[in-house]
Structures are given as structure tokens and as C-alpha cells.
Amino acid sequence: MRVDNPSSDAPGHDQIPAHRYTAALAAEIERTWQDRWEAEGTFLAPNPSGALQGSFDRVADLPKLYVLDMFPYPSGKGLHVGHPLGFIGTDVYARYQRMNGHNVIHAMGYDAFGLPAEQYAVETGQHPRDTTNANIANMARQLRRLGLGHDPRRSVNTTDPAFYKWTQWIFLQVFGAWYDRDADRARPISELETELANGTRQPEPGTNPGDRPWSDLTDRQRRVVVDAHRLAYLHEAPVNWCPGLGTVLANEEVTADGRSDRGNFPVFRRPLKQWMMRITAYADRLVGDLDLLDWSESIKLMQRNWIGRSEGAEVRFTAGSSEIAVFTTRPDTLFGATYVVLAPEHPLVDRLVATTWAEGVDPRWTGGASTPGEAVAQYRAQTLRRSDLERQTVDREKTGVFIGSTATNPVNGEPVPIFVADYVLMGYGTGAIMAVPAHDQRDFDFAGAFGLPMTAVVSPPEGWPEQPENWDTAWGGAGGGINSTNADLSLDGLSVPAAKAAITTWLEQHDAGRGTVTYKLRDWLFSRQRYWGEPFPIVYDEHDLPIAVPDSELPVLLPDIVDYSPKQFEIDDNTSAPEPPLGRATEWTSVTLDLGDGLKSYRREVNTMPQWAGSCWYELRYLDPTNDAVFVDPAIERYWMGPQSESDGGGVDLYVGGVEHAVLHLLYSRFWHKVLFDLGHLSSKEPYRRLFNQGMVQAAAYTDHRGLHVAANEVDERDGRFFHRDQEVQRHYGKMGKSLKNSVTPDEVCADFGADTLRLYEMFTGPLDQSRPWETKAIVGVFRLLQRIWRSILDEDTGMVRVADTPADEETRRILHKSIAAVRDGMETLRFNTSIARITELNNHLTARFPDGGAPREVVEPLVLLLAPLAPHTAEELWARLGHRHSLAWEPFPEADASLLIDATTEIPVQVNGKVKARLTVPAGMSSTDLEAAARAHDKIAPLLAEATLRKVIVLPDKLVNFVIG
RNA sequence: GCCCGGGUGGCGCAAAUGGUGGACGCGGAGGGCUUAAACCCCUCUGUCGCUUUGGCGACAUGUGGGUUCGAAUCCCACCCCGGGCACCA
């Protein structure tokens, strides 16, 4: 008598057959196969050379495939079921393509530097390194439980010194490079030094303050000039200071209402010396090379908008002995420019401000001040006081003051007044504009408020008043030029593009301007006042100028310090200043090095890099993670990421992640990639050839009568209403997470159903790019599918294989091959939901046709292989029980026999006036004449045709028949 | 305001190039197995109307038009939802 089997007549006893596919059995199978994959190295991807070469010969003839996920940030909360959606999708795709004959590389790492780790460490009183490592271990455990087929040798962690050594090395590559505009690429800074020294190149405008000859400069002055050319440079400029986070932020990390992206704290502009990355040098290529990429149009558009390329012209207005350069995209409206506006911070303001007001000056123009100087000073003070929020409000009333002097419109010699106004931004274009109120809404609003004249120079639509002062809005549309003629130029009657071309040529001929391109994109602020980030490999000497730490000294290790928390400030204390925590590591900040002048003492850079640094290049490190001589071996990079054709820019074959990284990560990463490409380290021009944005998993959340969230797993549904402990609550949907109290963890789902069920469920709820609501009660559907497939193959009571080694019948065989074709299609297009539906149909057919077992092996084995990418553990187990000794991970994916995809007979709809009235079952390939005759003879159709006149017949063989009657 | 996506049963979603709308699953109804229940299995399930209870008919893909023999699919206008940008000259 078995003691472990409770007597079957006990009340409440579960009589589940001993070999049914249950959560417990799934857990056992999953553990077994995960261990076996690991032990056998099933998912190790061989490199063509180097330490990870392994058995490359085995895959040498196969095409390669690089599948990549946006790597996760290992937070202390661990994963919820929303996180692995993309990871499962890439795993299914990678497994499918491996079976489909590719050498697939798929790995996972951790983006582990950053402020949240610091905050979490402060909260729990532990060092960020310890909490980070613990979080990574926990997340790795969660991911392993899902059965993801990653190459474990290739996992990276951005906080690992062996990894950030190379992040620092790449920083030094950027620091050690400059952008050669003539060659349109980055070059090593040493080549610039040579060219400057031998006089074949002059410093870029603005980099040599006194514009003195190179030979007259001191060594220190030369270094300052060279430093000003670098792609990574120190710059004193107004930055986004966020006291609430205790750090400065990049423009991209500040929201439109002037708050921090993370934490939503106020951000203040204040001048500080910070590290910048000259991403603007790449603006044109970052736009242009989007054409090489297989990305969605909407993401490309977001990048284009962010870079904001505008073609136009720079026009110079003379003002006294100075010239004001303005940027405009509408040089064709130059004859309509009736005033000029400078940004409050514009350097020419002080030179051009008049000492007194002219007689009879419009009182609206003076700001109530007695002199222009006073008015400007007042206005600037007022501008500074305004918060970013106020400054950015679009419909704010236009403000500004007249500076008392005028400039000359080069095209007609008219004097135009010069204003200072904060609707003109110093950071864009030249920081100055020509105002054409008739054709620009902002100028129109300003001119209205200040009583400035307007001239129409493009004809407005029919019915608009003669005088622009009487218009309701500016006219920004197309039209023929008017009022635009001088002695040697006329734009009258020209279309807008023709007028632009004509005026640009005229400006160039008269040395009054030129065609230019301007970008919204600004240089990337690259330093942060945080502890938990990569230290800069930079020291300063007695001149206070930056010097690269030699490669041999890398990595510059992050020192252990007692107090690693960022300095805390009141969130709105805009008088505060950043204090990098590394500045407190006094024994670390000064260092003795021999940098060529013998042993000397240097001061270390105490800022750290932003969190984006590691994610700018991690995809390259997966390729060659153990190499300590180079960040990636060029031959290995060429193999996995190199261009596949003349017109291809290279990059990973599939990159899956959330849309939230549409701008920042993807832009920064492309930028670094291009620098490394220019410097000859990479063969690919772009990091991510194909990008796919997965949807978000949302979940029901419930609020009580106070509007507070209650735990979603404690809510019951009764008659379409929702109750939490007998209190009615309101349902809404939102992003899964702690704040909405609606998180579901993969651990729970794996415990209740198994990892394969979780994988199937996530893939079944819709195409990968679509957001979907999570519904725990619906999971049972795919769980049943696995149970039913299991039962098609194994006897639930005995565990014995119940498959027949006899040939399949014709119909079953046709259904199999149609299923194969459809499953493949779903796999290729990342619409795994349709693949799962077709697998279900195939199995439903087997269940119906062979209710007592005996499904033919010829069909069952392909069924298991079709399932394998989606539910790999179950498929492996079934494959083994069917008698196979090896893992199916490298087994060929089934191929459909095209001859079996066409049925012997087809059902043809017969329509009358486009409405289906009857269906005919006819042999495939029946001729049009026969088909029409059969349709006419149908007893539903014949009477309808008899009582009306037939106007037209449409017959499509194998498709339909349509009678048009009148 | 401008620019992108997207609206199909009670729910998640299927439907190459315009050609049988609602595959597959959840939920629901009924039945089988069971002393009973759970599990499992089978059948039905867009809406409305008629029905001699087999069926028959009409209406249905956000709304209103249009193109077409035929529209979820193409065109125009509008409404709603989601996302991006936001004084960028």
C-alpha cells in the first residue's frame, strides 16, 4: 500500500491523474531543463575567434543573428509580470531563429548605476554595491525561472570595474577626438595638434579667444584651444540644477514644465562648469542615418523632432559698428522684417543699448524706465526671476523692452528698432531674430502688444483685409511674394521656395548672409554630482586643465566612502550649489602619477557619469565580454554587427524595448557608436538596425471612496461591480506597479502555473508591440492548452507515450502543414498570439480525431517543435519522452509542404449584390464558367436570379461569385 | 495648438494585395463524468426580429459621407482614447 497516496474516498481529496500536467509537474520539468541547458551550454553562441570561440565550426556556415533586449535596471522591488514581456518575445524569436538555422546571440545584462540604487541604499543603510549586487542576483534568479535562452557567459553589469573600465576608455576616446567638419567625421585630437602646429589648420572660430597666432601662444593657451575642440569638453554655462536630486541634469531629463524627469522636482538654471559631449557635431548624421534603420516611422519622427534640423539663412543686420546675425527659416520674408529681437542674454545687448530714449518714444517700449540701460537691466532681472514653468508657457503674453537703438535691414536699408525679449532663446540659432509680424504668429503677437508696424510680403488668402494690422492671425502659409523689390532684386510673384532661393543668393552676393542649417539639439551635459556612477578618468594639473588618465591606469575605481548619499537640499532652494559626494573622499581626490613629467600630484575629477553611459555601448560588450585587451575585438564586432550589404549600416538584428527610450538612450547610444566608428574601432555605422517597441502590460487598479488604491488582489467582482472587503471600489487600468497596488510577480505566476504558461499567456494576449491588460483569471486558457497537448502525447494515468507510429490521414496532414505555415508567419512578424492560436487549433484537431490516443507521430513531433520556442521546457520534456536524446533547441523548425497548403475542395461564397446568399463546395481550381453555372443552379440563388434582371457577374475562381441584379 | 499611433462581441484579440467578419482564448449558458464538488470532457454563445423550434431574415467593425459589383481594409469630414513636441524663429 502506498503511503504517499491518500485514500481516494477521503472527502476533498484531489483525484488528479498521476501524470497530468500540473503546476508542480511544470515546476519540476522547468527546473530539470534549466539545469540541463546550463550544464550542456545549449545557448552558448560561438564567436568566430577569441575566448568564446567554442565550437564555431558547427555554426560557421549559418547566418548569424543578434537579438537584443534593452537591459533592465535592477531595482530593489524585483520584476513584475510587465517587465519580461519583451524578454520573452525576444527569447521566442531567438529560439525560433536558432531552430531555423541561425547562429543566434542573445544575452542579458544589468544597467546598475544610477540614483535609485543610491536612494535605495540610503533607505536600507547598505552600500549601493551590496544592494545592487543583491538586486542583480534576485533579478537573475527571476529571469532564469522564465527559461530564457541567454548565453550566460555574456552577461554584463555596468557597475563591474571590468565593464566600466571600458566605459571610461570610451570616454577617453571621445575626449581624445575632435570633429573635422571638412572630412565630416571625428579624428584623433593628436592630428589636430599636428595640423595646428604646422599651420595647415586654424582653430575653429571662437576657440582661440585672442585669435593670436599659434606660435605666439603659451603651452597652457594652446591646451585651452585644443580642449575647446574636443568631443568631450568642460563648459561653463547655465545648466539644469535640481536641488531635490542634488545634481545637475541633461536637457533631455527636464520635463516641459521645468521639473526633473525622475522625482518631479523643480529645476533651476544656473551657471556651472560641467562636462559636455559634442553630440551636435553629429546632428546631421544622426538625422540622415535614420534612413539606414528599420525602425518605426513614429520613433524616427521623434528623433527627427528632437534633433530639430531647420534649413534657413543667417542674415546680418548692421547696428552701429556691430552686426547682428539672425537665423530665419523664412529668408523670403526679409522685406517684411520690421524689428529685430535679441535674447536677454545676447552678448551684443550691452554694446548696442543706447544711453537715452529718443524723443517721443512709445511708452509701451520703455518698461517705464528712464533710460534704455535701466530698462534692459530691469527686464533681465525680471526674466531671471521667472520660473522655467512661466517662461515656457506658450500663450503667455509677450514681454520685452526697446534698447533704444536701431539696426538696418540689409535688403531695403530701412532702420528697424532693436528689442530684447525672452521669447527669443539664446540657445537656439544665433540668439537673435528678425521679426516679420505679418507672417509669424509670435512676432505678430509681440507687434500687437507693442504697436509695431507690419508689412505683408506674402499674399494672404482671398478675403483677408488689405492691412496686416487688421488680420486675426499672422499668415504663415504659402503665397506669391509682394512688396519685396529693391534696386537689384524682386521676390514679387515668386513662390515661397523660389523666393528663398533668390534671397539666399542675393544675401551671399552682397555679403549680408548665407544659407545655413540649425538644430534644436544641444550638446549633452555629461556630468552628475552623484556617488553611484562611473568616475571620470580625468585628473587636473596645476593649470586646472583636464588630463586623461592613461589607458594603463584604467579602471579608475570608484572609491569606498562613508557618506555616499547625494547632498540633500530643499527642493526649491535655488541658491544651493552641487557638492559631488566624491569630493568627500579626500584621500582619493588627490593622486600622484607620472604622466610624462615625472611623479606629480594631480587632482581627480569628482563628478561621475550619467546613468546613460553604460547603456551607450553595452550591446558591443556582449559580443566579447571577457576581452581585457580591447572593448570588443574588431573581427568579432564585424561578424555580429557588420554591414550586410553596400546600403546597410550594420547593427543588431533585432532590438526590443519600450518607447520611453525613443529619444535619450537611442540618441546617446547612436552618438557614441558613430564616434567609435569614426575612430576606426567599429565596422557598423549604427548600433541597432531593427528596433521594435513592445507594448506595456497594464493592470486593473481599484480605488476606494477616498480615492486611495486598495490591493488589487483583494478585490472581488460581483455582478459587474467590484468590492474590497464589502466596500464597493472603482476600477481603472494603469501601469503595473507599487503605487497602484496592482503588481503581479512572475514568481507568483510560475508557482501557480509554471513558467511555460506565463510565457504563453504573455505572448497570447496580443501582438508584441501592443499594450495589453493583465488578467490573472484568463491565464488558465493557455495552461489548459499545455495540459491538452501533454495529454495528446502522454497517458495521464500511466505517463506512457500514447502516440501511434502510423501515417497520418490526409486531412490531419493538411492541417499540420497549414499550421506550420501560419505558426512561422506569426514567429517572423512577432505576432506570437496568432502562432499560439494555430497550435491550439492543430491540437484541438488531434483531440477530436484521436480522443483515445493514437495521434500519429508524424504530426505530434512537428507539433512539439512548433511549441518549442514558446513553451520550451514542456516541449523539451515531450521531445525527450518521444524518444529523443538531444535537446530540441537546435532541431530544425518544421517546414510546410506547399502542396499540402491547398485544399482539394474549397467553399465559395455566392453573393447577390455583394451580400452572401449561399455557399458552394467545389473542387479547387474549378473554371469560371463551371463555377458560375454551379452558382446559378444553387437553389438559394436560382429564384433570386429568376425574378430580377442580371446586370453583371463577377467570378473569381477559388474565391467567390457575385451576381449584380437590378 | 502641431505631429504620430489606435477605435471590431461582455473581455483579450483574428481576418495576404478590398472578396465568406468575429479564428483562438477568457467569461457566460447547457450537458457528461462524480454520492457530491473541483478537475477534466462535449455542445452552444455578435445584436435584434420572425419561427410550424430544423431554421429564416435583418442589422452589425467609433460617427457621418464617398469610391467600388463588393469596404474592418481605400478617400473625405468629425468624435473618442493613447503617445510625442511645445515661444526652436
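User: How do helix 3 and helix 4 pack, and at what angle?
Analyst: Helix 3 (residues 115–124) packs on helix 4 (residues 128–145) at about 105°, with the axes 9 Å apart. They are therefore roughly perpendicular to each other. Axes are lines fitted to C-alpha atoms, for helices over the stretch in contact, and angles run from 0 to 180 degrees between N-to-C directions. Under 35 degrees counts as roughly parallel, over 145 as roughly antiparallel, 65 to 115 as roughly perpendicular and the rest as oblique.
User: Which residues make that contact?
Analyst: Ala 117, Tyr 120, Ala 121 and Thr 124 come from helix 3, and Pro 128, Thr 131, Thr 132 and Asn 135 from helix 4. Contact means heavy atoms within 4.5 Å. Helices (H or I, at least four residues) and strands (E, at least two) are DSSP runs, numbered from the N terminus.
User: What's the mean pLDDT of chain A?
Analyst: The mean is 90, and 97% of the residues of chain A reach 70 or more. pLDDT is the predictor's confidence in each residue, from 0 to 100.
User: Where does pLDDT stay under 50?
Analyst: Over residues 1–13, for which the model has 4 contacts beyond four places in sequence. Where pLDDT is low, the predicted coordinates should not be read in detail.
User: New topic: how do helix 23 and helix 24 cross?
Analyst: The axes of helix 23 (residues 810–828) and helix 24 (residues 832–849) come within 7 Å and cross at roughly 165°. That makes helix 23 roughly antiparallel to helix 24.
User: And Gln 168, buried or exposed?
Analyst: Gln 168 is buried, at 0% relative accessible area. Buried means under 20%, exposed over 50%, partly exposed in between (1.4 Å probe, protein chains only). Gln 168 lies in helix 5 (residues 161–175), and among the residues it touches are Pro 535, Leu 554 and Met 609.
User: Which residues of helix 7 are buried?
Analyst: Val 225, Val 226 and Asp 227. The buried residues of helix 7 pack against helix 6, strand 5 and strand 19.

Methods. Residues are numbered from 1 along each chain as its sequence is written. Chains are lettered from A and ligands numbered from 1 in the order in which they are written. This is a predicted model: local features need pLDDT of at least 70, side-chain atom pairs count only at pLDDT 80 or more; totals for chains, interfaces and linings use all residues. Side-chain values use heavy atoms; hydrogens and water are left out.
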